[in-house]
Amino acid sequence: MSQFAINLLFVGASFLLYIGIAIWAKAGSTKDFYVAGGGIHPITNGVAIGADWMSAASFISMAGLIAASGYGASTFLMGWTGGYVLLAMLLAPYLRKFGKFTVPEFIGDRYYSDNARLVAVICLIVASVTYVIGQMAGAGVAFSRFLEVDSTMGLIIAAIVIFFYSVMGGMKGITYTQVAQYCVLIVAYTIPAVFISLNLTGNPIPGLGMFSTHTESGLPLLTKLNQVITDLGFNNYTADVDNKLNMILFTLTLMIGTAGLPHVIIRFFTVRKVTDARWSGGWALVFIALLYLTAPAVASMARLNIMTTIYPDGTDAAPILYEDRPNWVKEWEVTGLIQFEDKNNDGRIQYYNPTESFAPEAEARGWEGNEFTYNRDILVLANPEIANLPGWVIGLIAAGGLAAALSTAAGLLLAISSAISHDLIKGRFNPNISDKGELLAARISMAVAIVVATYLGANPPGFAAQVVALAFGIAAASLFPALMMGIFSKRVNNVGAIAGMLAGLVFTLSYIFVYKGWLFIPGTNNLADTPENWVLGISPLSIGAIGAIVNFAVAFVVARSTAEPPKEIQELVESVRYPRGAGAAQDH
Amino acid sequence: MSGHSYDAEKYWKANLRLIGGSLVVWFLVSYGAAMLFRPLLAGISVGGTDLGFWFAQQGSILTFIVLIFFYAWRMNKIDEQFGVSEE
């Protein structure tokens with residue numbers, strides 16, 4: 001069977017499974033559509049959160065990102081997991097107790113203000129739309145790479161599959177497909193990693209293998225890696241960073257942003273009671289960690305594998321002849337993700353970091369520049385071939401990458417469509433709409449959201465590349481503080497919360513726009529986006545944490561100087577703090 | 001909760017204390033061991049590198065998991081103790 005046929009079989013089978021679930025898990029009410037009926041088991045919910053959270057970027061790109069910068073990229077590992085601690089202790093249980101369907105609904109009720117709810121809806125939509133474009137584009141790319149179809153065509157196929165289960169089943173369909181998608185993606189990620197780890201270290205657990213001995217050299221794996229890459233002029237993998245303030249703020253922004261992202265928060269509304277919301281957070285992180293503990297191992301091992309492929313006899317000996325390159329290099333060259341240019345015409349692949357300090361050695365060895373470049377994504381995509389695994393593992397990676405993209409896209413689309421049908425249509429324009437009418441409105445909103453996301457995925461606007469800045473910045477600077485103060489302070493009132501959200505948002509977006517262009521329009525930035533220009537060395541990606549502090553401070557000061565919230569609101573705050581009487585998530 | 005306002009207040013204080021303690025650990029492993037204090041821990045080697053690197057790429061994630069389960073377990077106990085659990 002050809003590789004194409006195997007990939008088609010795996011992807012086709014996984015899609016049939018998702019569609020089967022869609023038919024089985026149809027939504028009969030708005031409660032089914034928004035919160036999957038509200039009786040999801042905490043472990044099931046934990047698995048679903050895992051799939052909801054881990055996107056095409058986590059699956060395909062994160063290991064490559066870590067491989068490229070080593071210790072510095074730990075920010076992503078800590079930031080995208082540490083947020084769950086905040087979520088599980090500061091938000092999820094109380095929002096579950098509140099027992100409504102959407103994040104803006106809590107903000108609107110708690111701050112007794114339709115305007116506060118509207119600000120929350122706008123923040124939610126901007127953050128989620130930016131995020132979903134990347135998922136749709138990622139699905140298109142995965143399709144075109146593994147199934148030899150045009151990426152726009154791939155995108156449309158992916159959209160049709162999502163359409164099936166999310167329009168029919170809403171959160172109910174999404175929950176069960178996410179569980180299936182998690183299983184596909186984690187198996188796909190783990191199998192090649194286990195074999196690579198066995199190959200290099202003899203340890204079947206990649207996360208442990210990373211810190212054990214490299215069998216061939218007898219050195220610790222990371223020592224060996226550092227030796228090889230520094231010999232060729234690359235930066236030390238485990239070295240400390242100079243700008244620690246920025247690393248700390250970036251990590252904090254990712255953590256607070258993670259906790260404030262609506263598509264993650266609404267998953268906690270699907271469990272039966274408050275204690276289940278607490279347990280769900282722990283289970284979610286267990287299932288996320290299965291991938292996140294493997295990713296740094298894949299990163300370091302795949303990087304070492306690439307180096308030893310090019311320098312089979314060590315870094316002091318001549319690199320490999322181009323004609324002797326292994327099969328996986330040939331295969332990925334076809335896609336353009338690996339490129340070779342023989343600058344000194346010696347028929348060998350010189351791969352090194354052409355820095356000034358390396359120049360004398362390069363000259364002595366007759367090298368005329370780095371000849372080998374690869375796209376970071378191949379660290380995961382080419383993993384099965386690098387480890388000489390059979391074709392079905394490659395098929396699994398194809399299905400896994402698509403599962404990661406589809407599951408996150410569906411979660412985001414539900415957050416967007418429920419904000420439109422529940423917060424805008426029912427909340428603002430037609431409060432008397434019947435449950436049936438609202439369910440129809442929710443389905444139509446979902447359908448429209450999918451069409452828009454598909455279009456934007458095929459024609460990504462400039463801001464689509466700014467997921468980290470925009471989605472995490474907005475969630476950290478506007479949504480998280482408003483939600484947290486709504487639970488932990490009885491004193492913050494409507495004006496305080498709105499002023500805080502707007503201040504956090506304007507501050508954060510302005511700082512981002514100064515460096516990245518106003519509304520990300522190229523050429524409109526006031527300063528070049530380079531570390532010398534950053535205030536105190538704080539990058540625009542790290543500013544969300546400061547934005548959150550601005551939000552808290554403004555909200556407190558404004559609230560203190562205006563009237564305290566009415567008595568029934570203070571009672572509402574009391575009631576979300578105590579688990580008793582949670583009941584099912586319900587509408588009014 | 002109006003009938004038990006004294007207990008309600010104590011319950012909330014117990015929750016805040018637990019959250020505070022948990023967040024101190026959360027801070028110490030990630031912002032502390034993995035970043036700020038990494039130079040101080042440089043002498044402790046772990047598999048070819050130092051303890052700070054291990055905390056940055058694995059240790060803090062493992063600690064986060066333990067923290068959330070510990071919080072859920074303790075909080076459920078506190079719920080029962082104050083008679084505010086769900087059933």
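Select α7(A) to begin: 25 of its 34 residues are buried, so this helix is largely enclosed by the rest of the structure. The model is a predicted one. From first C-alpha to last, α7(A) reaches 47 Å, close to the 50 Å expected at 1.5 Å a residue. Now step just past the end of α7(A) to E148(A), which takes a positive phi of about 55°.

Next, select residues 3–24 of chain A, which form helix α1. This helix has 22 residues, and its span of 32 Å from the first C-alpha to the last is close to the 32 Å expected at 1.5 Å a residue. Colour its buried residues: N7(A), F10(A), V11(A), S14(A), Y18(A), I21(A) and A22(A). Where do these buried residues fall when α1(A) is seen down its axis? They lie within an arc of 120°, so they line one face of the helix. An α-helix has 3.6 residues a turn, so residues three or four places apart point the same way.

Then show what covers the buried residues of α1(A): the cover includes α7 (114–147), the helix where the tour began, together with α8 (151–201) and α19 (391–429) of chain A.

Now colour chain A by domain. Domain 1 takes in 3–300 + 389–463, and domain 2 takes in 314–386. Taken over C-alpha atoms, the centres of these two domains of chain A are 33 Å apart. Where they touch, 22 residues of domain 1 of chain A are in contact with 14 residues of domain 2 of chain A. On the domain 1 side, the elements giving two or more residues are α4 (56–69), α8, α10, α14 (295–310) and α19 of chain A. Which of them gives the largest share? The answer is α4(A), with eight residues. By class, this side of domain 1 has 17 nonpolar, three polar and two charged residues.

Bring chain B into view. In this pairing, 42 residues of chain A are in contact with 38 residues of chain B. On chain A, select α5 (74–98), α10 (221–231), α11 (244–260), α13 (274–292) and α24 (567–577), each of which supplies at least two residues to the side that touches chain B. The most comes from α13(A), which gives ten residues. Sorted by class, the side of chain A that touches chain B has 24 nonpolar, eleven polar and seven charged residues.

Two loop residues end the tour. Most residues other than glycine have a negative phi. Select N345(A), in the loop between β1 (338–340) and α16 (359–364) of chain A. N345(A) is not a glycine, yet its phi is positive, about 50°. Is N345(A) buried or exposed? It is exposed, with 7 other C-beta atoms within 10 Å.

Last, move to L536(A), in the loop between α22 (494–516) and α23 (544–560) of chain A. Its phi is near 55°, again a positive value in a residue other than glycine. L536(A) counts as exposed, with 9 C-beta neighbours inside 10 Å.

Methods: Residues numbered from 1 in each chain as written. Chains lettered and ligands numbered in written order. Predicted model: local features only at pLDDT ≥ 70, side-chain atom pairs only at ≥ 80, totals over all residues. Helix = DSSP H or I, 4+ residues; strand = E, 2+ residues; numbered from the N terminus. Buried ≥ 20, exposed ≤ 12 C-beta atoms within 10 Å, placed from the backbone. Expected span 1.5 Å × (residues − 1). Arc of directions from axis to C-beta. Contact = placed C-beta atoms within 7 Å. Nonpolar A, V, L, I, M, F, W, Y, C, P; charged D, E, K, R; others polar. Domains from an automatic or database assignment.
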